[in-house]
Amino acid sequence: MSEQTLAYIDNNSVIHRVDALSKLLWVLVVVITTFQFHDSISRGLMLVALLFVAIFVARVPLRAIWKVSPLIFGVAFLLGVFHYFVTKGYTPLFTIGSFTVMRESMEDGAAYFFRLSIMVMASFLLIWTTDIRELMVGLVRLGMPYRFAFVIFMALRFLPVIQKEVDAVRSAHAIRGRAARSQLRHRFRLWQRYLFTVIVNGLRKAESTAIAIESRGFGAYPDRTYVKDFHWTVSGILLVIFFVLFGAALLVWERLL
Amino acid sequence: MNPSSSPDVLAAFEHVTFTHFDRAAPTLVDVNLSIRRGSFTLLVGPSGSGKSTLCMLLNGIIPHLLGGELSGKVVVDGHDVAGTQVKDLARSVGLLFQDPEWMFATLQVEDEVAFGPENLRQPPEEIARQVTAALDYVGMASLRKNLVWALSGGQIQKLGLAAVLAMQPPLIVLDEPTANLDPATTHAVHELILRLRSEGKTVVLVTKDLDEFMAEADHLILLNEGRVLAQGSPRQIIEQHGLKMLDLGVWLPEPTEIGLQLVHQGKLPVRSVPLTVVEAVEAFGHFRFKDGSENSVPMTGGELLVKAEALEFSYNSRVKALRGVSFEIHQGEIVAIVGQNGAGKSTLSKLLVGLIKPSGGELTLFGKHAHAWKVQALANEVALVFQNPEHQFLCDTVAEELAYSLLAQGIDDSEEVKRRVDEMLARLDIADTAASHPFALSAGAKRRLGVATMLVGGRARLLIVDEPTYGQDRRLTERLMKLINNLRREGITVLMITHDMRLVDAHVERAIVMTDGEKIFDGTPGALFQAPEIVEKASLRPTSLRRLVDALRARGVTVPDGLNTVEAFIEAMA
């Protein structure tokens with residue numbers, strides 16, 4: 001079985017033991033502060049802080065981060081490049097051959113790169129370290145109807161399922177050989193088919209899951225009981241406070257600069 | 001009297017006809033049956049006879065979640081199913097699915113068991129007690145903190161059963177709970193089911209492994225094409241309808257099949273048809289057997305196709321999937337790879353088609369080092385039929401699917417392509433579906449199309465089939481094996497990965513046994529079943545035919561070696 005990179009990583013680190021709602025709040029704090037920054041140095045420091053938490057505190061294996069890095073950094077990089085060209089700059093920064101890099105374009109590109117990669121990185125940290133059930137119970141305790149809270153769970157549950165399915169379909173296709181003359185047409189055809197097969201099977205599986213869950217009494221009553229209830233943790237509150245202070249410090253430093 | 005009104009009856013069908021909304025013909029036709037409290041019912045029939053539909057009617061999935069046209073009345077535990085919602089029927093019926101991984105709603109084993117009772121608003125202390133009791137029952141108490149995604153196939157089934165038990169439903173319905181398990185794990189799950197029965201739970205079971213249940217069940221319902229052909233005690237049904245069941249392609253225990261064939265030949269009174277190995281020893285003990293010799297001599301000496309030396313593979317730094325495996329495969333052989341779930345069988349097949357590369361040792365494929373092969377080029381030499389054939393399909397019609405394979409081999413003359421496609425369609429008995437979408441075929445036809453896409457054009461020299469009998473009845477299996485045997489006669493080498501010991505014994509000349517990433521046996525099935533320590537270590541089980549031969553010998557009856565099929569056994573009877 002190939003490794004799951006979009007699912008809970010069973011590590012029992014300090015971050016794993018932080019309650020789910022504090023972690024959710026922490027992700028929100030990180031994302032909101034990042035959008036307040038004016039300078040990419042602050043954004044960069046925030047990304048470094050996140051990576052530090054992921055690698056040294058949550059002890060997420062480097063391999064897991066490496067495997068999703070195209071999702072975290074690749075997409076953000078493309079967005080950054082796009083914004084570099086969209087933003088018209090007027091202050092030359094440096095010149096490579098006939099190509100002059102403009103300060104404003106560079107800043108804007110970097111801003112988008114950091115914003116997206118921080119958002120995605122923080123979300124991955126949440127997925128890797130949080131038992132979704134706990135998050136669901138926490139949200140219900142905050143007053144969210146349980147069926148609604150469960151939708152979040154379902155969405156996250158299907159990430160690893162779809163990943164598994166894509167891997168299986170890709171292997172199966174690879175050994176069919178190539179019928180089209182051009183490599184490009186072949187690639188296109190395969191992509192079309194991945195989508196079709198993954199969607200058809202994904203929907204079937206989603207249906208089976210929905211059916212199975214309902215036949216176990218899900219939704220029978222407007223509320224339900226919980227064997228393990230939700231509890232706030234001190235470490236969670238500390239994590240949130242630390243990042244609020246860290247973000248605030250960076251903001252103040254930006255203003256003073 | 002109206003059967004559903006009797007207090008003794010837990011579930012009843014009265015004139016039930018059901019048509020799935022996307023089908024023209026009904027899946028169930030005028031079904032009448034009743035399930036008594038405390039009874040153990042077997043639901044038996046060929047593929048597509050309506051068994052799963054019947055199970056889903058018992059807990060209301062049909063018609064509430066999977067729609068269609070329902071007439072007649074289904075009553076379960078006093079509720080009219082058509083007028084009761086699925087979530088309300090959850091108190092009355094627990095349904096264990098074929099693949100319970102899909103019913104899991106949480107991350108941790110203990111949370112999973114608690115999920116159902118929590119939905120029913122039971123008090124937390126009460127649930128905690130039930131969770132412990134249910135996990136103890138299935139023998140998973142020590143795994144309660146484990147992640148559900150990290151469980152083995154057998155553990156997944158046991159957890160599914162614990163989740164059903166924790167809700168304490170009066171009726172437990174099990175739809176092929178062991179379809180994808182190794183023989184020893186299947187046996188362990190069977191023992192759990194028999195324990196439920198001995199404790200007076202009402203159980204309805206769909207399975208093709210009837211060997212351990214025929215003598216235990218109170219009631220057997222035989223379905224065909226949506227109709228109840230017969231119902232009664234297993235013995236009664238076998239006596240009256242046994243030959244018909246064989247004809248329909250239902251899997252029966254081998255001793256029973258032998259008994260029925262003998263009845264057919266007038267050599268055994270119908271009352272003596274055995275349901276178990278023990279009964280078979282009584283029934284066949286007085287027969288004399290002709291002296292025979294081992295008929296299957298493994299073919300060797302063909303061209304060397306695959307050579308593995310101290311082969312290693314690991315998916316990550318912690319787990320080694322293969323640890324120093326060595327073997328050779330020669331042209332013309334038919335080989336099975338067997339062993340428990342997770343023993344390294346699938347890893348081996350992926351290495352052979354080049355999807356992964358060895359992390360240690362030597363692997364030579366068709367005279368070239370494995371690292372030197374590209375997957376697409378290797379596809380011209382070796383073909384792999386996946387367990388889920390849908391994963392391999394690339395086109396919108398069956399005919400295009402076959403044409404694609406031809407194009408991939410550089411056969412692009414349209415006349416030639418058409419001729420070969422038509423030829424293959426006819427050979428597979430799926431000519432009438434040439435214009436259908438591959439996803440719309442029946443399970444058996446999908447499997448055959450999977451084999452065909454791999455072999456049309458005659459490129460591959462080695463065919464690997466993953467679980468050929470998975471989800472197929474006897475008739476479909478025989479058809480697939482006939483296709484595979486024909487291919488073999490044309491010189492194609494066949495490698496099967498399977499849990500099906502009957503298949504191994506009947507069709508294979510050589511079995512490679514894997515356990516924990518190591519090869520622990522390589523030889524004929526006959527020799528394998530005479531090595532009990534290997535059989536046990538690899539979670540295998542001798543077929544009931546092998547057990548019958550051993551039991552007869554223990555009684556002093558002289559039985560020749562090499563009786564690997566029902567036919568061979570009957571043939572040897574003087």
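Which residue is the bridge partner of Val16(B) in E2(B)? In the predicted model described here, that partner is Val31(B), and the pairing belongs to a sheet that is taken up below.

The model is a prediction, in which local features need pLDDT of at least 70 and side-chain atom pairs count only at pLDDT 80 or more, whereas totals for chains, interfaces and linings use all residues. Residues are numbered from 1 along each chain as its sequence is written, while chains are lettered from A and ligands numbered from 1 in the order in which they are written.

The model as a whole scores ipTM 0.78 and pTM 0.83. For chain B, the mean pLDDT (the predictor's confidence in each residue, from 0 to 100) is 88, and 97% of the residues score at least 70. Among the elements of chain B, the lowest mean pLDDT, 82, belongs to helix H15 (residues 443-455), and the highest, 96, to strand E9 (residues 219-224). Helices and strands are DSSP runs numbered from the N terminus, with helices (H or I) of at least four residues and strands (E) of at least two.

Chain A contains nine helices and two strands, which follow one another along the sequence in the pattern α-α-α-α-β-β-α-α-α-α-α. Its C-alpha atoms fill a box of roughly 65 × 60 × 30 Å along the principal axes. Of the 257 residues in chain A, 32% are buried, where a residue is called buried if 20 or more other C-beta atoms lie within 10 Å of its own, exposed if 12 or fewer do, and partly exposed in between, with C-beta atoms placed from the backbone. Two residues are in contact if their C-beta atoms, placed from the backbone, lie within 7 Å; among the contacts in chain A with a separation of 6 or more, 80% join residues 24 or more positions apart.

The contact between the two chains takes 42 residues from chain A and 52 residues from chain B. On the chain B side, at least two residues each come from helices H2 (61-65), H3 (86-89), H4 (109-119), H5 (124-137), H12 (375-378) and H13 (398-408), and H4(B) gives the most, with six residues. By class, this side of chain B has 32 nonpolar residues (Ala, Val, Leu, Ile, Met, Phe, Trp, Tyr, Cys and Pro), six charged residues (Asp, Glu, Lys and Arg) and 14 polar residues (the others, Gly among them).

Within chain B, an open sheet of four strands has the order E2-E1-E4-E5, with antiparallel pairing. Strand E2 (28-36) and strand E5 (79-80) stand at its edges with a single partner strand each, so one side of each is left without a neighbour in the sheet. Strand E1 (residues 9-20) and E2(B) are joined in the antiparallel sense over six bridges, two strands being paired if DSSP finds at least two bridges between them. Helix H1 (residues 51-58) of chain B lies across E1, E2 and strand E4 (68-76), running at about 125° to E1(B); axes are lines fitted to C-alpha atoms, for helices over the stretch in contact, and angles run from 0 to 180 degrees between N-to-C directions.

Strand E9 of chain B is largely enclosed by the rest of the structure, because six of its six residues are buried. On one side these are His219(B), Ile221(B) and Leu223(B), and on the other Leu220(B), Leu222(B) and Asn224(B). Four bridges join E9(B) to strand E3 (residues 40-44), the two running parallel, and Thr41(B) stands opposite His219(B). Five bridges join E9(B) to the antiparallel strand E10 (residues 227-232), where Gln231(B) stands opposite Ile221(B). E9(B) and E10(B) form a hairpin with two residues between them, and Glu225(B) in the turn has a positive phi of about 45°.

Among the helices of chain B, the axes of H8 (residues 234-248) and H9 (residues 254-264) come within 10 Å and cross at roughly 95°. H8(B) is therefore roughly perpendicular to H9(B), a description that applies from 65 to 115 degrees, whereas angles under 35 count as roughly parallel, over 145 as roughly antiparallel and the rest as oblique. In this contact, Ile238(B), Gly242(B), Leu243(B) and Leu246(B) of H8(B) meet Thr256(B), Glu257(B), Leu260(B) and His264(B) of H9(B).

Helix H13 of chain B is mostly covered, with nine of its 11 residues buried, including Val398(B), Leu402(B) and Tyr404(B). The buried residues of H13(B) pack against helix H14 (414-428) and H15 of chain B.
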